[in-house]
Structures are given as structure tokens and as C-alpha cells.
Amino acid sequence: MMLMEERRELNAVGWECPKPIIEAKKILDDMAVGEVVITTDSAVVVHNLQSFAQEKGFYCEFSAEGNMYRVSLQKQAMTKAETVAIAPVIVISSQQFGRGSEELAANLMKSYIYALTEVSPQPETVIFINSGIFLTCQDSPVLDSLLLLAAQGVQIYSCGACLNFYDRTAQLAVGNIGNMYQFVEKMNQAANCIEIQ
Amino acid sequence: MNKDCFVLTFDSTHQAIAMEKRLRDFQPVMMPTPRQLSSGCGFALKISQGEEQALAVAVAASAIDCRCYRVAAGRYREILP
């Protein structure tokens, strides 16, 4: 599909922030690819438009003439890689995140798994191995977050051998039991595999 | 963070960890400090249940410094000193 490049003008002379940014954003949100040129008499507005552009990934340039500024914000077509982020397979091989203070590591894991419920893209699969399986069992400090992930469609697997070794099979509280063949296949086939240890 | 809740932020991770233990009755969830709140140690506590007044009493009783926000419709409003 060919995208038409639009060019729009926004006369923001006399406007104070945040109005010029809000109005520029509305115009850019409406266009797939294109440019909005904002005329302003405020250096603060120019600065804030530059910050806005940097944050949103718009190309920004400006020119000054006397007390007037013209700021051009350009929205480029996104590449496929930018628009379709790859849902990762995540392998969690420890009850804690990283080495160091156990108390810190336990809380980092809670924070990490909570964040998984809110960020995009969500993982396709999360695999729990070794002491990681304590996180999917009853009394896990992250059970609510994992139940939410499962409800959102994320596949959650716990290593059957590990549940057996730690005598926790009966306590599994979220997701399914998997075996090493499944895990090897999922890891090998994953375009994006992350291990948390 | 779509549902209404409270979020507590801290200057120190030790305060966050201590507060999590103190507020067990409110079932706090350890989370990263939300991006909207620039200040903070990295850990925050999310509390999805309980009344503001009861939380205020418990926070005051803990004597642990924190900032408390009510989150509604994705907006953060500081509610306790």
C-alpha cells in the first residue's frame, strides 16, 4: 500500500505550552506518514517540540527568523521490525533474579514478573526451570502476576523433572508441566529467547 | 495499570522491602517504579485493595518514608504527605 505524504501547517503564534504540542500530536496521530510545520514565537515551545519529537521518534528541524520559529516534525513510515516486535520465549531458571543479596534478588524477580504483565510485546512462552519452579507453585510471591499472564494468553510451563526433584508437582498453581524436549524445541525455534537466571 | 489502585514509591530499596512486609494485610505487589514517576529507588508497591484512610494509618504507623499515589484512569495523584 502506498502511503500518501501529507504536509500540514500549524500556526501556534501566541500559544503557550502544552497547546502547540497537543495540537501537533493530534495532527501527527492522524497521518500515517508526513510532516507538520509549526510556526511559533516561543523558544520554549521550540524546545518542548524538540523533546516531544525525540521521545516519539519524529524527525525534527527548525529555523529561526527574527522572533519567529518554524519547526518541522516529520513522521516516517515505520519498518516492519519496528511495528511488529517479536514476542520472546523467556526461560526463568532461578527463583531469584541475579546473584547478590538474596532479598534483593527475590524482589527483583517480583518486580520483573510484574512488569511482564504490563509491557508489550508480551512473551509467547515463559518456561520455569530448576528453582524457578517455586515461582509457579502455591505460595509463590508472583502467583497473581503469573495467573494474569496466563489469562492474557501467555503459555507458562514448569519443568516436570524439577517439580519432581523438589517434590512440588502437587503444588503447581499456574500453567502446565513441560519436559526438556518441549523446552529445547521452543528455545531452538524462538526468534528471541531470553534467559533469566 | 488500568485499574484504580495505590502506588507507593521510596527513596531506598530497603524502605520498599520493609514496607512490603509492614503492609502485608493490603497484599502489596512489588513492581518497578512506574515511568510516570521520575523519582524513586526502582521498587514501588502497588496496592489494589483497602481504603485510603486505612492505608494512610498503616503507612504512618510504619514510620517508613514514602510517597503515596492514587492511580485512576492511568493518572497518578499524590495523596499522602
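Biologist: Where in chain B does Ala73(B) lie?

Modeller: In this predicted model, Ala73(B) sits in the loop between strand S4 (67–72) and strand S5 (75–80) of chain B.

Biologist: And how do you know whether Ala73(B) counts as buried or exposed?

Modeller: Set its value against the cut-off. Exposed means over 50% relative accessible area. Ala73(B) has 71% relative accessibility, so Ala73(B) counts as exposed.

Biologist: What is the phi of Ala73(B)?

Modeller: It's about 50°, which is positive, although Ala73(B) is not a glycine. Gln27(B) also has a positive phi, near 50°, and it's a residue other than glycine too. You'll find Gln27(B) in the loop between helix H1 (13–22) and strand S2 (29–32) of chain B.

Biologist: Over to chain A, then. What angle do helix H1 and helix H2 of chain A pack at?

Modeller: About 40°, with the axes 10 Å apart. Here H1(A) covers residues 19–30 and H2(A) covers residues 43–56.

Biologist: Why is H1(A) called oblique to H2(A)?

Modeller: Roughly parallel would need an angle under 35 degrees, and roughly perpendicular starts at 65. The angle here is about 40°. That falls between those two ranges, so H1(A) is oblique to H2(A).

Biologist: Which hand does the crossing of H1(A) and H2(A) have?

Modeller: The crossing is right-handed. On the H1(A) side, the contact is made by Pro20(A), Ile21(A), Ala24(A), Lys25(A) and Leu28(A). H2(A) brings Val45(A), Asn48(A), Leu49(A) and Phe52(A).

Biologist: What makes up the contact of H1(A) with H2(A), by class?

Modeller: Seven nonpolar residues, one polar and one charged.

Biologist: Which form does the peptide bond from Cys17(A) to Pro18(A) take, cis or trans?

Modeller: That bond is cis, with omega near 10°. Pro18(A) is in the loop between strand S1 (5–11) and H1 of chain A. The bond from Ser120(A) to Pro121(A) is cis as well, with omega near 0°. Pro121(A) belongs to the loop between helix H4 (102–116) and strand S6 (125–128) of chain A.

Biologist: How many helices and strands are there in chain A?

Modeller: Seven helices and nine strands.

Biologist: And what share of the residues in chain A is buried?

Modeller: Buried means under 20% relative accessible area, and 39% of the 197 residues in chain A are buried. Chain A exposes about 11,400 Å², with carbon and sulfur atoms supplying 51% of it.

Methods. Residues numbered from 1 in each chain as written. Chains lettered and ligands numbered in written order. Predicted model: local features only at pLDDT ≥ 70, side-chain atom pairs only at ≥ 80, totals over all residues. Heavy atoms only, no water. Helix = DSSP H or I, 4+ residues; strand = E, 2+ residues; numbered from the N terminus. Buried < 20%, exposed > 50% of the residue type's maximum accessible area, 1.4 Å probe, protein only. Areas by Shrake-Rupley, 256 points an atom, 1.4 Å probe, with all protein chains shown as cover. Axes fitted to C-alpha atoms, helices over the stretch in contact; angles between N-to-C directions. Parallel < 35°, antiparallel > 145°, perpendicular 65-115°, else oblique. Left-handed = near helix turned anticlockwise from the far one by under 90°. Contact = heavy atoms within 4.5 Å. Nonpolar A, V, L, I, M, F, W, Y, C, P; charged D, E, K, R; others polar.
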